[in-house]
Every structure is written in structure tokens, then in C-alpha cells.
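Student: I am new to this structure. Please take me through one chain closely, and show me how it meets its partners.

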Amino acid sequence: MQHRDADIVIVGGGGAGLRAAIAAAEHAREEGIEQRILMLSKVYPMRSHTVAAEGGAAAVTSEEDTLEAHFEDTVAGSDWLAEQGVVDYFIRHAHRELVQLERWGCPWSRKPDGSIQVRRFGGMKTARTWFAADKTGFHILHTLFQTSLKYPEIERLDEYFVLDVATVEGKVAGVIALQVATGELILLRAKSVILATGGAGRLFQFNTNAGIVTGDGMAMAYRQGAALRDMEFVQYHPTGLPGTGILITEACRGEGGLLLNKDGYRYLQDYGLGPETPLGEPKNKYMELGPRDKLSQAFWQEQKAGRTGKFADNDVVYLDLRHLGKEYLHERLPFICELAQAYINVDPVTEPIPIRPAVHYTMGGIETDAQCETSLKGLYAAGECASVGLHGANRLGSNSLSELLVFGRLAGEQASHRAAATAYADIESLQQQVQDQERQVARLRDADGLESWVGLKREMVQAMEDGCGIYRDEQGMQAALNRIRDLKSRYHNIKLSDRSRIYNTELLQCIELGFGLDIAEATCLAALNRRESRGAHQRLDAGLEQRDDINFLQHSQVFFNADAPAELRWQDVDTRFSAPAVRAYGDAGKGARK
Amino acid sequence: MTTKRLSIQRYLPEQSKTPFWQDFDVPFDDSTSILEALNHIKEDMDGSLSYRWSCRMAICGSCGVMVNGEPKLGCKSFLREYPGTIKIEPLAHFPVQKDLIIDMEIFLEHLAAVQPYLINDSEDSTQTHKQTPAQLAKYLKFSDCINCGLCYSACPQFGLNPEFLGPAALTLAHRYNLDSRDQGKAQRMAQLNREEGVWTCTFVGYCSEVCPKSVDPAAAVNQGKVESAKDLLINLFKR
Amino acid sequence: MAKHVGYFPELKRNWWLKNRYFMAYMAREATVLPLVFFIVCLLAGLYSLLLGPGSWQGWLHFMQNPITIAINLLALGASLFHAATFFTLFPRVMPLRVGGRAIPAKWIILGQWFGVLLVMALFAWVFGRGM
């Protein structure tokens, strides 16, 4: 097996990974030390799912806005399950990061005087979301990627699929990766490793996510002993296109879009988000600008009551943008117009867009401390794969793009700092792990069992959709957990049809499925044991429909147990600044907000 | 359900040095994209078929293929648009690694060659630059490139000479040159002035035709020629 | 780690016949051929003028040959076609802005044709008077 050394290895070339790489390079320069940074990605960095983020990135910007307000919105949005020290750090650093991106050339949308334009977003008290039309993630990713080309100390290994994090006695020692183009394995020894591998939305059948969002990094860290935290909180984005689940940004509602049921009625007023706001006067935290969990739950209720319309086989409600007019739509939401036209043949200028909720974001992830370090020394995580504790039970739209910048940077600096004071692990001590991986890949490649990986994958996404949907109950979650455990055992009896080495994408999909099953188990286990309703985790079971702060103001932590069932523990939440209170929107939230 | 025939150019380097064609009859409806058809083949017919894809919403730039000889994003082309058998090949003008997977390295080298980042002396400032909507509009369209490579498959000059920087890279250079915040134009012109820079372009214009994001690279490259001509002229008098 | 050297399909000589867009491009480039003939005619005319009246008469005779006329008509058509393609491309190469607003391409194209008409009218006026 080949081997290479780098001070810092970054897994994932999306927003968080690129931001971390640049931060590490800058940090090393400031300290006057020479460090090599290797960034591995299973795809070319520009393909990373950050590219698909549309709406914007939040930071306190205008004169009338305050850091306290962003803090309160985020903590209330999280249903008080966010780590408040982390939120505090986040809101203080978000603006600086967005300015930094501007200095690197990000084409933020502007006001006539040339200053930054902000837009409204759901669950936010005031307009504080920076945007680049409705392709914010695309522009952030490309700006970061292009900027990273300035740094010769950042070397990219594109299309390298990381299989495992190498560890020695609870400390990180590098990663083991498969070069997709050759099928060969390589050991990359490192002093610090950053995981920036994104979420796990592909565990579910109907989602807004790219095919690559399979939770690889989460599973790797989990298998090495790090906890997966708050995995039961899976965000359903209220507005995905029927059929594909393609994302229709929340910015549509921020700009004044309406949500209508099949009768043309703005149903959100019946779900604690009213009263109805006048057409063309969107109001923060009211109606369409409520948080995502509440809006997706309202859809589910409407569907139950038979008030949703039909688009092909899908139950849908309607996102009406017509009153915004062609010129405004083409300036502010050009990508939405393009997507609606191309994928469902609807022109938002003249017709409401049929939409339905789709799995969008994994609030949970690899548990890290406030400095992005996992319980494995030297292993950091940032972005959607991490649970640094920012989002709690529900993420607010436009907090995640800012998150990957703020914590990508922090992880990069921390990793660089640590690498400067650490030596490489002894290569001999890694041989066993390397050989294990070689054996496993060989076994999988030549697997000739009875189970089709496609069948298993389809069962997994169905089980997750059935058991861990917008509303959940004991029976459904237990059934999902049982099914996932059954699938895990059947996975050992898998069959592949492609035995080649060069670009064996079937092999990669099988490995991703293996990762996915482990995370799915953790998700079901945490969901089943959270016997309350909070944020995105809503239970139908009698007596569990409300939040229960006495018993469940706690993070769930799931630990991996090889072939035995995973283990669940609970962890206290940092509520140092804001005691849990009633989470209310619309007029009902007035008193709480003052 | 009705089916449609996809004729796909396969290339399995571990089995044979030459490509071959294979037909698949794929069920489809009005909404089925080429990418979905490929996914169907991979999952239900032949697991060895290899291709790149990710976002399936025309923004990541992974899934470019030749569809009946035209460069297309698989996720944004639909079976309903093609009456007969649909011929699928890897993107033209690139070396093929396997099936529909091409070698993108040269494309990335060309991108990196034009210094595609903001060059500005006052980099440490903690304030944003001012940039009016009109200044933004000057370059915004050229910043919409998703790096899918379709324009390289549409460019015969790149096909004849892979050293040509090509539409996407030259567009990116022009995007930064037009940015009111940038001061790096002088550095980038060296690349643009080269023969493999803007001057290899003969304004075939097909690159703009196939661009799935309406970036209009042909316009950018030819505006680059005007800039290059000015630059060369100025340098002539400076001597 | 090096990738394997893949299969690299070479561009064949007839690449431009594979796509109607490339054919249109080659047609545009081929307009130069009849134009070359036209220019050769012009230069030959000048040269025969220098040589004397006999030679000039010969040239006039040659120019009245139906084949010569046909090729020159072709050259006229070709130059108009080339002008049309050039005019269409021009606004993309030199986008014009007035007061921060882009002038629509359509106007620029029309403006160029208007210029052509103007030049033709000027010629007609200058040479028309002498006849």
C-alpha cells in the first residue's frame, strides 16, 4: 500500500472543507510554519452539495439588528436544544466571515448604493440573510474553490474516496482512502484530520440532497468511537419539487411568496403562525416566514385533512410568487424560475409552484466541542457532518452557510495549531487498520452474496421515510429500527456486479450504503428514545406530543458497537444564557419576543 | 409503461482497449431525465455502467454527456425530447477513463492557469467593498459557470489543441477582469495574450449554444480578445 | 498515483460535418473564398489599367463573362452573409452601455445595418452624380 504524509488532511471539498483548508494555510503562514494541507474529496470540489444551497447566509448586518436577536432566534429555533456558548460564538463571527467572502470576490447582491443587500428568512426576527441571487451556495463554493487555488500549500486529491479514519489509542493518525480512478488504496498519515463530509439526507427516499450526501464522514467517526449527537432531528424543508425533491428556496417566501392549499387558502394561519399578513408585506416570524419544522408539520396536517392538491402522484400545496412580477422574480429568483420550468414545466411568473416537504438537512452529526474537535484527539469536524451544537432540534434557514464558514475556519485553525505541536504516528501501528480496509474492500468488490445492494438501499430509504418522517410514533420508529438492523445483517450477504478497479462506482455506492445503515440505526435509536416532541422530532404518541424539559432537555448521543446494537446516552445542554421558554411564532410569539 | 432505447458507448479499460456500444430499453415518462435513465440502468440492468452525477438539479456540473452528438447535462435533458434511439457518449474532446467518465484534469489545469480569484492589494480590510448593482451586472453572468465542461466538448479548437485554455477558463478570467473590486487584470493578461489564450478562439459560438447556464462564454472570450488587443497595443507603445 | 491512460478519440478531418452548427461556422469562414476571387478581380483590373487600353478591354470582357458575374454575385452574397453573422456577434463582443443600462443587442444590430445602408446611399450619391 502506498503512503503519504501531510500535516493536515481534510476530508471533503465543500464549503466547510475549503474554508478549513484556507484557514489552516493562513494560520500556518501567520505562525511562520510550513505545513502541507491535503484536501480529499470523493468528487471534484465544485460538485459538493454546498453548491445547491440557494437562499443565503445569515449574519447581523443592519443598524437596527442586534447580536442578541440573532442569538434568540437561533436558540428559540432550536427549541432550546442548541449549545448556547456555541451559538454565541457563531453569531459574533458570522458577519466577519461573510465580509471575508466578499473580499475574496463573492458576488453578493447589492443595494443601489453598493452596500450589501439582505433578505428575510424564516424564523429570523429581521432581515439579515446575505444572498447572491438564489445561488448563494453556488457562489460561496466557487469563490472558496477559486480562492483556494491561491495557496500552493493546499494540495487537492480529487476523486479520492475516504474509507476510514486511522487512529492510534484514541488519537487521529490519518485516513485511508481509495483513489477512484485506479481503485488503489492509500494511507495518508496526518497530524490533524478534519471531516467536512456533509450530511446524510440520502438516508431518506424523498430529499433535496445530491447523490453524494450519504453521511460517509459521520459513519467513519462513529465507527472509530466518536458519538453521533442529536441524530433524531432531521429537517424536512417545506418546499421541494414533487417527484424529484429538488429544492425551492425559502428565499421565495422571504421575498413574499405565499403558501396555499388546494382551496387557495393560506393555511399556515391555522397552525399558530397567523394572523394572515397582507399580500406583498411579508412579516418576519409570521405565516410563510415561520420556521421549517412548523411549516412542514402544517403540510402534514393539511395532507391528513385532505386539503392538499395533486401533482402526478404527489400530494402538494402551492407556492405562489405571481404577485412579485416577472422582472423581480428574474432578478431575485432566477434559478427557481429555471428549475420550476425545467423540472415540472411551471413558470412561476404565471402559475403557483406545486411543492411538498422533503428531507433537507441533518441537524445532528459527529459530536464536537466548541472548538470543533471530536472525542478523538486531533480529529475535527465542521459543517453539516458535525454537531457542534448550533442547530439543536431545528435549524433556521441561512444559518448553515454561515456555520460552515465560521466553524470551517475554526476547525482549520485548530487543526493547524495542533499539527504544529504533534508528531506523526508510527507507521507500523497503522498497518493493522490498513490491512483491514484492504481486506474489506477486496471482500466487497468480489462479494457474491444473495442480496442486491440496490434492494437494500431502497428498503433503507423507505424504512427511514416511513419511520422517521415529519411526524413519528413509537411503533413506526421501532419498526424502522428493526428493519435497519435486519438490513445491516443482510448487508454482509451483498452482491456486486462490477468487479473492476477503475472507477468502480458500484463499489463506492455499496460502501456508502454500509455507512448509511450505521447512521440510520443511530437515527432511529435516538428518535425512538426521545420520548417527547421537540423541533423537528414530533411524536404522535399519546402524552408525548409536547416538549418535556424535565426529562429531555438533553442531547442524545449514540455510540457504535461493532456488530452489537448501538448504545444510547444523554448529555446536558448548555443553556447558560437563555432558559427554555415557550417557542411561539405569529401573534402568539409577540409576548415572548417583546 | 413505454420504453425508449438508449444506445450507450461503453469503455471498460480492464476488459478491452476499445469502446463498444450497448443498448438498453428504459421505461420513461414525461419527466424522466437522461440521468434518471442512467440511474435506472445502473440500479436495475447493469451495475457496471459508470458515469458521474450528483445534484440532479443542474448546478453541480457533474453529469455532462454527449446526447445524440450534442453536449448536454444528463439531469437537464429529458427522454421525451428525443424521438428515436438516444445515443449517449462521453463528453467529446477529453480522454475517456471509463464508460461516460472523462478525464477532467486538463480542464482544471486551465481553470487554475488564469488566476481565477480576486487580486486586490488591500486584502486585509474588514470592510466590504462598495459595488453597485450596475458594476455587479457587468460580470455576474460570467460568474455563473458551473464547470461542467460542455463548452469544451462544443469547441473544435479545444478538440484540435487541448492546450487551448478554452471557453470556461477564459470566461472566468474575464469575470475577474470585469469585477470592479479586482486589480489583477495585468497579471491575467499574460495568459490571455498567449496563442493558447484568447487568440485560438475563432468564434465558432457553439460553446454559448450548449451552455446550460446561459453564461455565453463565446462573448466573454471575444471580449477578452478586445482586451488582449488593447493590452498588446499599449505594451507596444510602452517599449 | 497516476491514472491509467484512457481512450482518447481523435478529432477526424470531417469533424465539421457532424453538426449543423459547425457547418454554419465553416460556411461563414468559407465566405472568404469568393471574396478572394473578387479581390483578385479588382487587383487584376487595376493592373490591366496600368498595362493599357487593350488589356483594360480584355479585363472588361472577362468581367462580363456570366461565370465571373455569377462568382462575384456569390461573393456579394457571401459578404452580406458574413456581415450578418458579424453584426449579430458584435453586441456580444462589444456590449454597449448608456448610463449604466445595457443597450439591447437588437438595437445594435439594427444600427449596424443602418450604417450599411448609409454607406450604400453615400456611394450611390457620389457615383450616381457622375453618370
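Tutor: Let us look at chain B. Chain B has 9 helices and 7 strands. Helices here are DSSP runs of H or I with at least four residues, strands are runs of E with at least two, and both are numbered from the N terminus. This is a predicted model, in which local features need pLDDT of at least 70, side-chain atom pairs count only at pLDDT 80 or more, and totals for chains, interfaces and linings use all residues. Residues are numbered from 1 along each chain as its sequence is written, while chains are lettered from A and ligands numbered from 1 in the order in which they are written.

Start with the overall form. The C-alpha trace of chain B spans about 65 × 40 × 30 Å along its principal axes. Of its 239 residues, 55% count as buried. Buried means that 20 or more other C-beta atoms lie within 10 Å of the residue's own; exposed means 12 or fewer, and partly exposed is in between, with C-beta atoms placed from the backbone. Now take contacts in chain B between residues at least 6 apart in sequence: 65% of them join residues at least 24 apart. A contact needs two C-beta atoms, placed from the backbone, within 7 Å.

Next, one helix pair. The axes of α7(B), residues 185-193, and α9(B) come within 10 Å and cross at roughly 105°. Axes are lines fitted to C-alpha atoms, for helices over the stretch in contact, and angles run from 0 to 180 degrees between N-to-C directions. The two helices are therefore roughly perpendicular, a term for angles of 65 to 115 degrees. From α7(B), the contact uses M189(B), L192(B) and N193(B). From α9(B) come G224(B), E227(B), S228(B), D231(B) and L232(B). By class, this contact has 3 nonpolar, 3 polar and 2 charged residues. Nonpolar covers Ala, Val, Leu, Ile, Met, Phe, Trp, Tyr, Cys and Pro; charged covers Asp, Glu, Lys and Arg; the others, Gly among them, are polar.

Now the partners. Chain B puts 22 residues in contact with 18 residues of chain C. On the chain B side, β6 (96-98), α5 (156-160), α8 (206-210) and α9 (217-238) give two or more residues each. Here α9(B) gives the most, with 5 residues. This side divides into 14 nonpolar, 5 polar and 3 charged residues.

Chain A meets chain B too. There, 44 residues of chain A are in contact with 43 residues of chain B. The chain A side divides into 22 nonpolar, 13 polar and 9 charged residues.

Conventions. Angles under 35 degrees count as roughly parallel, over 145 as roughly antiparallel, 65 to 115 as roughly perpendicular and the rest as oblique.
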